[in-house]
Amino acid sequence: MTLLKKYRILMPVLVVATTLFVGCESNFKEVQKINFSEFVPSGEADKINLKYTDSGRITAILVSPKMREFASVDFPFTEFPKGIDVTLYDAKGKRTFIKSDYATSYKFTNIIDLKGNVKITSQDGQILETEQLYFDQKNEWFFTEKDFKFTDPKGVSNGHGIDFSKDFKVINSQRIAGELESSD
C-alpha cells in the first residue's frame with residue numbers, strides 16, 4: 001500500500017473518531033448537569049417587614065434587609081444573611097427586642113439560630129449579649145453554649161452557657177461571674 005492510500009483511509013477514520021469523541025464529551029457534560037442540583041433559594045425578598053399574629057393580636061414583628069427561603073431541600077430553612085431585628089410581644093403587650101447579624105429559621109424544628117452580635121433587650125432593661133443564640137419558638141425559650149454578658153438593673157454578669165424564657169423570668173446559667181447589687 002502506498003503512502004497516499006494510507007492517508008486516504010486514515011483521514012476519514014480520524015475525522016469520524018474525532019466527531020464521535022467531541023459529540024460524546026458534549027453529551028457526557030449534559031448528563032452531569034442533569035445529576036447536579038444547585039443549592040439555590042426557592043424564594044428571595046429584600047427589605048422585609050413581617051408581622052406575626054395570634055387571634056388578631058401581634059405576637060412578633062420581624063424586619064430584615066434580605067431573606068432567602070430554601071423550601072425545596074430535605075431540611076427546609078429560611079435564612080436572613082444580612083441580619084434581623086425582631087420585636088416579640090407577650091399577652092400583656094410587653095416587648096422583647098432581638099438583633100443579630102445573621103439568622104436561620106428551621107421549618108421542621110421551629111428553631112431559630114441567631115449569629116453574630118446577638119443582643120436581646122427586655123422592656124425592663126435586661127440585656128443579654130452573645131455571639132450565637134438559639135430560640136425555640138414552640139417553647140419560647142432561648143439557649144446558648146457560648147460566652148455571654150448579661151446586664152440588668154442590679155448589675156452585670158458574664159458566663160458560659162445560659163438558657164432563659166423570652167421574658168427573662170426564668171434564667172438558668174452554667175458558669176457565671178459578676179457583681180450584683182444586694183437587695184437588702
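This is a predicted model: local features need pLDDT of at least 70, side-chain atom pairs count only at pLDDT 80 or more; totals for chains, interfaces and linings use all residues.
Two strands are said to pair if DSSP finds at least two bridges between them.

The hairpin of β7 and β8 has 4 residues between the strands, and in it glycine 125 takes a positive phi near 95 degrees.

Strand β8 also pairs with strand β9, residues 141–152, in the antiparallel sense, here over 7 bridges. Glutamate 129 has lysine 149 in β9 as its bridge partner. Between β8 and β9 there is again a hairpin, with 4 residues between the strands, and glutamate 140 in the turn has a positive phi of about 50 degrees.

Let us now turn to the earlier part of the chain. Strands β1 and β2 run antiparallel and are joined by 11 bridges. Within this pair, lysine 51 stands opposite isoleucine 61 in β2. Their hairpin has 2 residues between the strands, and serine 55 takes a positive phi near 55 degrees there.

Which other strands does β2 pair with? Strand β4 is one of them: 4 bridges join β2 to β4, and the two run antiparallel. In that pairing, alanine 60 has leucine 88 of β4 as its bridge partner. Strand β3 is another, pairing with β2 in the antiparallel sense over 3 bridges. Phenylalanine 70 stands opposite phenylalanine 77 in β3, and the hairpin that joins β2 to β3 passes through 6 residues.

I come next to the nonpolar core. The largest such core has 23 residues, and those with the most contacts inside it are Leu114, Leu128, Leu133, Phe142 and Phe164. The largest share, 4 residues, comes from β7. Neighbours within four places in sequence aside, phenylalanine 164 is in contact with Ile120, Leu128, Leu133, Trp141, Phe142, Val170 and Ile171.

How much space lies in the largest pocket? The volume is about 660 Å³. Of the 32 residues that line this pocket, Tyr52, Ala60, Ile112, Phe135 and Gln137 are the closest to its centre. The elements that give two or more residues to the lining are β1 (43–54), β2 (57–70), β3 (77–80), β4, β6 and β7 (111–122). Strand β2 provides the largest share of the lining, 6 residues. By type, the lining residues of this pocket divide into 21 nonpolar, 5 polar and 6 charged.

The structure also holds 1 cavity of 30 Å³ or more. The largest cavity has a volume of about 80 Å³. Its lining includes Leu88, Tyr89, Asp90, Ser122, Gln123 and Lys166. Strands β4 (84–89) and β5 (95–100) each supply at least two residues of that lining. Here the residues divide into 2 nonpolar, 3 polar and 7 charged.

I shall close with two individual residues. Serine 105 is found in strand β6, residues 102–106. Is serine 105 buried or exposed? Serine 105 counts as buried because its relative accessibility is 18%, and the cut-off for buried is under 20%. Residues up to four places away in sequence are not counted when I say that serine 105 touches Phe77, Thr78, Ile111, Ile112 and Gln137.

Phenylalanine 39, by contrast, is exposed, because its relative accessible area is 56% and exposed means over 50%. Phenylalanine 39 has its place in the loop between α1, residues 3–35, and β1. Which residues does phenylalanine 39 touch, not counting those up to four places away in sequence? They are Phe70, Val73 and Phe77. As for valine 73, that residue is 34 residues apart from phenylalanine 39 along the chain, and their C-alpha atoms are separated by 8.3 Å.

Thank you for your attention.

Technical notes
Residues are numbered from 1 along each chain as its sequence is written. Side-chain values use heavy atoms; hydrogens and water are left out. On a 1 Å grid over the protein atoms alone, a cavity is a set of points where a 1.4 Å probe fits but cannot get out, and a pocket is an open set with protein on both sides within 12 Å along at least five of seven lines; lining residues have an atom within 4 Å of a point. Grid points are joined across faces, edges and corners, and a volume is the space filled by probe spheres set on the points. Ala, Val, Leu, Ile, Met, Phe, Trp, Tyr, Cys and Pro count as nonpolar, Asp, Glu, Lys and Arg as charged, and the others, Gly among them, as polar. Buried means under 20% relative accessible area, exposed over 50%, partly exposed in between (1.4 Å probe, protein chains only). Contact means heavy atoms within 4.5 Å. A nonpolar core is a set of buried Ala, Val, Leu, Ile, Met, Phe, Trp, Tyr and Cys residues joined through side-chain atoms within 4.5 Å.
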